[in-house]
Amino acid sequence: MPRPAAPGAPEEWQAGGLTLRRTEENLAEIDELAQVLGGRAGLGELLGDLRFQARRSLPGRLLGRAVDRAIAFDSYDQRDRVWWPQGVTTSADASDSELVAGRRVLVTSWYAKPVDGVHRGSRLTFLDLETLRYRHVLLVDVRRGSEGALELSGVRIHAGGVVWAGPYLHVAATGRGFLTFHLDDLMRVPGDNERPDEIGIEDRGVASFGHHHVLPVRSAYRAEAEEGHERLRYSFLSLDRSSAPPALVVGEYGRGRQTTRLARVELDPATWLPALGAQDAALPLLHRAAGPRGMQGVVVARGRHHVSVSRGPWTPGSLHTGTPGALREHRWALPMGPEDLAYWPSTDRLWTVTEHPHRRWLVSVPRARLDPA
């Protein structure tokens, strides 16, 4: 029998023997990396130096029946087969005003497929919705090696979801749980194009796979489970700001016999980090009903769940709306390859990103068009 839910939790959410255990913050090594790079840059510097130009896309809008706006990355990122977009979050997640540094911003997460034995890891992209200019930021892990020297490496996760909560970015790491980054730790890397296939710290400087900015892991939330329970796969994440307390909404991508569970992780509204109990651990709650097979993203909007489902690289995707266990499918609502979901409250729109080369867009959907409740 499942344990009862926490006091005040709705009946459909139950504790399922799951735990998220927080690691120590990696502050000393991050501070040392900042010294090597001449200090922290911060989000303001990044947003003032957006290098690449996106554009509106008519094909992206027409290939999803519910889509009212589509944004295409530049031609290089559109066709790139190394980096694949996955997660999406916005400044509406990050702030009550829905603005950060006076801008409306979309953030996407990407993972890299290995090429010639080189694993580049994962990255974030910050895009200004007014100018459609954007910049990539490499996610990095900075540690002290066995001989005491500072070492830098890419963060090798699928990055299937991302949530911008206050000053933090939480990035899904599938079976590992999720990783947490603090935006104050953004750093600029000089000479970023000199060694595009390398990463590390050497006498000749820092290499970061050609990225002009890096963001180091601050801490991790490791997925664990009690005996007799299966660990939750953090395939994708979104933020439910409307609940009290706010919460991360989590889902599992699954095919065949894999589970497709839906979960919630309560956040401390004072810190925007998971609310912890004994032994620095949070207790995710599971929904009694599973989500659909092949789901790629989930978000709660106006008290109802919205789930994206991919149908492969050539068939438009679906959007499911309603209550878990009784979701209604809207076929061909999204272009092919939809991934994570985010919700922008003041515009009442859902955002997703599609992953396949030459069919790679950020798209918005008026929520009420499919789910008038």
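This is a predicted model: local features need pLDDT of at least 70, side-chain atom pairs count only at pLDDT 80 or more; totals for chains, interfaces and linings use all residues.
Q: What share of the residues is buried, and what share of the contacts joins residues 24 or more positions apart?
A: A residue counts as buried when its relative accessible area is under 20%, and buried residues make up 59% of the 373 residues here. Among contacts with a separation of 6 or more, 61% are between residues 24 or more positions apart. As for the surface, the protein chain exposes about 15,300 Å², of which carbon and sulfur atoms supply 48%.

Q: How far apart are the mean positions of the positive and negative charges?
A: The protein chain has 47 positive and 45 negative charges, and their mean positions are 8 Å apart.

Q: In what order do the strands of the six-stranded open sheet stand, and which are its edges?
A: The order is β11-β12-β13-β18-β2-β23, and the pairing is antiparallel. The edge strands are β11 (162-165) and β23 (281-282), each of which pairs on one side only. Inside this order, β2 (residues 18-22) and β18 (residues 219-225) run antiparallel and are joined by five bridges, with Arg 21 standing opposite Arg 222 in β18.

Q: Which strands form the five-stranded open sheet, and why is one side of each edge strand left without a neighbour?
A: This sheet has the order β4-β5-β31-β30-β29, with antiparallel pairing. Its edges are β4 (55-56) and β29, and each has a single partner strand, so one side of each is left without a neighbour in the sheet. Further in, β5 (residues 69-72) and β31 (residues 361-366) pair in the antiparallel sense over four bridges, and Ile 71 stands opposite Leu 362 in β31.

Q: Is strand β29 mostly covered or mostly open?
A: In general, the side chains of a regular strand alternate between the two faces of the sheet. Strand β29 (residues 338-344) is mostly covered, for seven of its seven residues are buried. With β30 (residues 349-354) it pairs in the antiparallel sense over five bridges, and Trp 344 stands opposite Arg 349 in β30. The hairpin of β29 and β30 has four residues between the strands, and in it Asp 348 takes a positive phi near 55 degrees.

Q: Where else is there a positive phi in a residue that is not a glycine, and is that residue buried or partly exposed?
A: Ala 159, in the loop between β10 (150-154) and β11, has a positive phi of about 55 degrees although it is not a glycine. Ala 159 counts as buried because its relative accessibility is 0%. Thr 174, in the loop between β12 (168-172) and β13 (177-182), also has a positive phi of about 55 degrees and is not a glycine, but Thr 174 is partly exposed, with a relative accessible area of 29%.

Q: Which peptide bond is cis, and where does its proline lie?
A: The peptide bond from Ala 244 to Pro 245 is cis, with omega near 0 degrees, and Pro 245 lies in the loop between β19 (236-240) and β20 (247-251).

Technical notes
Residues are numbered from 1 along each chain as its sequence is written. Side-chain values use heavy atoms; hydrogens and water are left out. Buried means under 20% relative accessible area, exposed over 50%, partly exposed in between (1.4 Å probe, protein chains only). Contact means heavy atoms within 4.5 Å. Accessible areas come from the Shrake-Rupley method with a 1.4 Å probe; for residues, only the protein chains shown count as cover. Lys and Arg count as positive and Asp and Glu as negative; His and the chain ends are not counted. The place of a charge is taken as NZ of Lys, CZ of Arg, CG of Asp or CD of Glu. Two strands pair if DSSP finds at least two bridges between them. Helices (H or I, at least four residues) and strands (E, at least two) are DSSP runs, numbered from the N terminus.
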